[in-house]
Amino acid sequence: MDPFEQEVIESIANKNKIDIKFIGGNDLAERKIFIANFFYEPIVESNYISILQFDHDGLSHPDVLGSLMSLNLDRETIGDIVIDKNHCEFAILKDEASFVKYNLSKIKRQSINIEFKENNTLDIKLDDFTNHSGFVSSLRLDNLISEFINTSRTKAKDLVKAKLVKVNYEIIDDPSKIINENSMISIRREGRFIFDEVKGTSKKGNSYITYRKLK
């Protein structure tokens, strides 16, 4: 589950007084599974998820995810994918791990050799980002998108209505939605942005905002 789904499940569990714990191979992982009523025995993550790894030459996150999905796996069985220029590791439900290891041997014509990671822990690094700032006429979602990716408000509205935009992991299809400070906005094929804060107001009433683009 992504963080938005986790929030929903946690709210339901709290209302029904059900104890749950989320695991994903690393506390910093975004995608996690939950375990309910876990106090009866210690939680060993390797009983639920496995971390697989392989070396590669220039593959991307979409390349890896697409190849995993081509094995007819449900997206819900795959956790975070951590990738750099020559190494990749990802979390997956334990029941699917051996199947993936022995059936995924090539990605984009590139042969790979998948192995189980011995410590069963994802090596997640803190996000790197670039700082930006600009003026917007309001904190509507379409205004922010227009600023973030340097496009027209009409194009920004189209992206939102096409359900290509998430705010804090939730798909939003209303271009006029007012966005709070410290929100993360994900735009399909454009990347992720964090709207940090409003720093001031211009003489024309426009808001001066600061934001970050995650690399």
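How much space lies in the largest cavity, and what lines it?

Analyst: The model is a predicted one. About 100 Å³ of space lies in its largest cavity. With a cut-off of 30 Å³ or more, the count comes to one cavity.

The lining of the largest cavity is made up of 14 residues, and those closest to the centre are Arg31, Lys32, Ile33, Ile78 and Gly79. Two elements give two or more residues to this lining: strand 4 (78–83) and strand 5 (87–93). Strand 5 has the largest share, with three residues. Sorted by class, the cavity lining holds eight nonpolar, three polar and three charged residues.

The open space comes next. The largest pocket contains about 1700 Å³ of space. Its lining has 39 residues, and Glu30, His61, Ile81, Asp127 and Arg192 lie nearest the centre of the pocket. At least two lining residues come from each of helix 2 (61–69), strand 4, strand 5, strand 10 (165–167), strand 12 (183–187) and strand 13 (191–201). In the pocket the largest share belongs to strand 4, which supplies five residues. By class, the pocket lining has 16 nonpolar, six polar and 17 charged residues.

Last, the helix packing. Two packed helices are described by the angle between their axes and the distance between the axes. Helix 4 (residues 141–149) packs with helix 5 (residues 153–161) at an angle of about 115°, and their axes are 8 Å apart. Helix 4 is therefore roughly perpendicular to helix 5. The crossing of these two helices is right-handed.

On the helix 4 side, the residues that meet helix 5 are Leu141, Asp142, Asn143, Ile145, Ser146 and Ile149. On the helix 5 side, they are Arg153, Ala156, Lys157, Leu159 and Val160. The residues of this contact divide into six nonpolar, two polar and three charged.

Technical notes:
Residues are numbered from 1 along each chain as its sequence is written. This is a predicted model: local features need pLDDT of at least 70, side-chain atom pairs count only at pLDDT 80 or more; totals for chains, interfaces and linings use all residues. Side-chain values use heavy atoms; hydrogens and water are left out. Axes are lines fitted to C-alpha atoms, for helices over the stretch in contact, and angles run from 0 to 180 degrees between N-to-C directions. Helices (H or I, at least four residues) and strands (E, at least two) are DSSP runs, numbered from the N terminus. Angles under 35 degrees count as roughly parallel, over 145 as roughly antiparallel, 65 to 115 as roughly perpendicular and the rest as oblique. A crossing is left-handed if the near helix is turned anticlockwise from the far one by less than a right angle, and right-handed if clockwise. Contact means heavy atoms within 4.5 Å. Ala, Val, Leu, Ile, Met, Phe, Trp, Tyr, Cys and Pro count as nonpolar, Asp, Glu, Lys and Arg as charged, and the others, Gly among them, as polar. On a 1 Å grid over the protein atoms alone, a cavity is a set of points where a 1.4 Å probe fits but cannot get out, and a pocket is an open set with protein on both sides within 12 Å along at least five of seven lines; lining residues have an atom within 4 Å of a point. Grid points are joined across faces, edges and corners, and a volume is the space filled by probe spheres set on the points.
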